[in-house]
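Please look over the following protein and its fold before reading on.

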Amino acid sequence: MSANSAVLTQSRSPLLSLSDQKIVALVCLILTSWVLIRSLSLSHWRAEEIEIRRFQPEPIGYVIDINEANWLEFSLLDGIGEVIGKRIVAHRDQQGRFESIQDLQEVKGIGVKTFARIEAHLTVE
């Protein structure tokens, strides 16, 4: 039995010696400290706050001639999309030129409210 106990004692020896374990522990401590310090420096901890002022969007500052504009130009107006823009151009092609900007209300999809929103951006030359 003494031979078996000697074999068991030899097989249970640690993978690293005590001095090697201390070196590995020190390296782990140094790396962990570096990661912590680096993450704090990258997070801008205790940095000054930045005040962001938000401006109100400005209304569209252009005017289009309803007898010359294409559907894309109409679609840029508030409340007029691709479908209504194409309807306006189709109506103009079928019925002829518009005499006044109020004639635009004859196009399906342009009611009183939509016309009021876009009226300032329309002209007839």
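The protein exposes about 10500 Å², of which carbon and sulfur atoms supply 58%; accessible areas come from the Shrake-Rupley method with a 1.4 Å probe, and for residues only the protein chains shown count as cover. This is a predicted model, in which local features need pLDDT of at least 70 and side-chain atom pairs count only at pLDDT 80 or more, while totals for chains, interfaces and linings use all residues. Residues are numbered from 1 along each chain as its sequence is written, and side-chain values use heavy atoms, with hydrogens and water left out.

**Overall fold**

- The protein has 5 helices and 2 strands, which follow the pattern α-α-β-α-α-α-β along the sequence; helices (H or I, at least four residues) and strands (E, at least two) are DSSP runs numbered from the N terminus.
- Of the 125 residues, 21% count as buried, where buried means under 20% relative accessible area, exposed means over 50%, and partly exposed lies in between (1.4 Å probe, protein chains only).
- Among contacts (heavy atoms within 4.5 Å) between residues at least 6 apart in sequence, 44% join residues at least 24 apart.

- Not counting residues up to four places away in sequence, Ile88 touches Phe74, Ile80, Phe98, Leu104, Val107 and Ile110.
- Phe98, placed in the loop between H4 and H5, is buried with a relative accessible area of 4%, and its contacts beyond four places in sequence include Ile66, His91 and Val124.
- Thr114 lies in helix H5 and counts as buried at 13% relative accessibility; leaving aside neighbours within four places in sequence, Thr114 is in contact with Gly79, Ile80 and Gly109.

**Salt bridges**

- A search of the whole structure finds 3 salt bridges, each defined as a side-chain nitrogen of Lys or Arg within 4 Å of a carboxyl oxygen of Asp or Glu.
- Glu68 pairs with Arg97, with the closest N and O atoms 3.3 Å apart; Glu68 lies in the loop between strand E1 (64-65) and helix H3 (71-75) and Arg97 in the loop between H4 and H5, so this pair ties together parts that are 29 residues apart in sequence.
- Asp78 pairs with Arg117, with the closest N and O atoms 3.5 Å apart; because Asp78 lies in the loop between H3 and H4 and Arg117 in helix H5, the pair ties together parts that are 39 residues apart in sequence.
- Glu82 pairs with Lys86, with the closest N and O atoms 2.9 Å apart, and these two residues, 4 apart in helix H4, are separated by about one helical turn.

**Nonpolar surface patch**

- Leu15, Leu16 and Val24 make a nonpolar surface patch of about 320 Å²; patches are made of residues with over 30% relative accessible area and no salt bridge, with like charges joined within 9 Å and nonpolar side chains (Val, Leu, Ile, Met, Phe, Trp, Tyr) within 5 Å.
- Leu16 is found in the loop between helix H1 (2-11) and helix H2 (18-42) and is partly exposed, with a relative accessible area of 36%.
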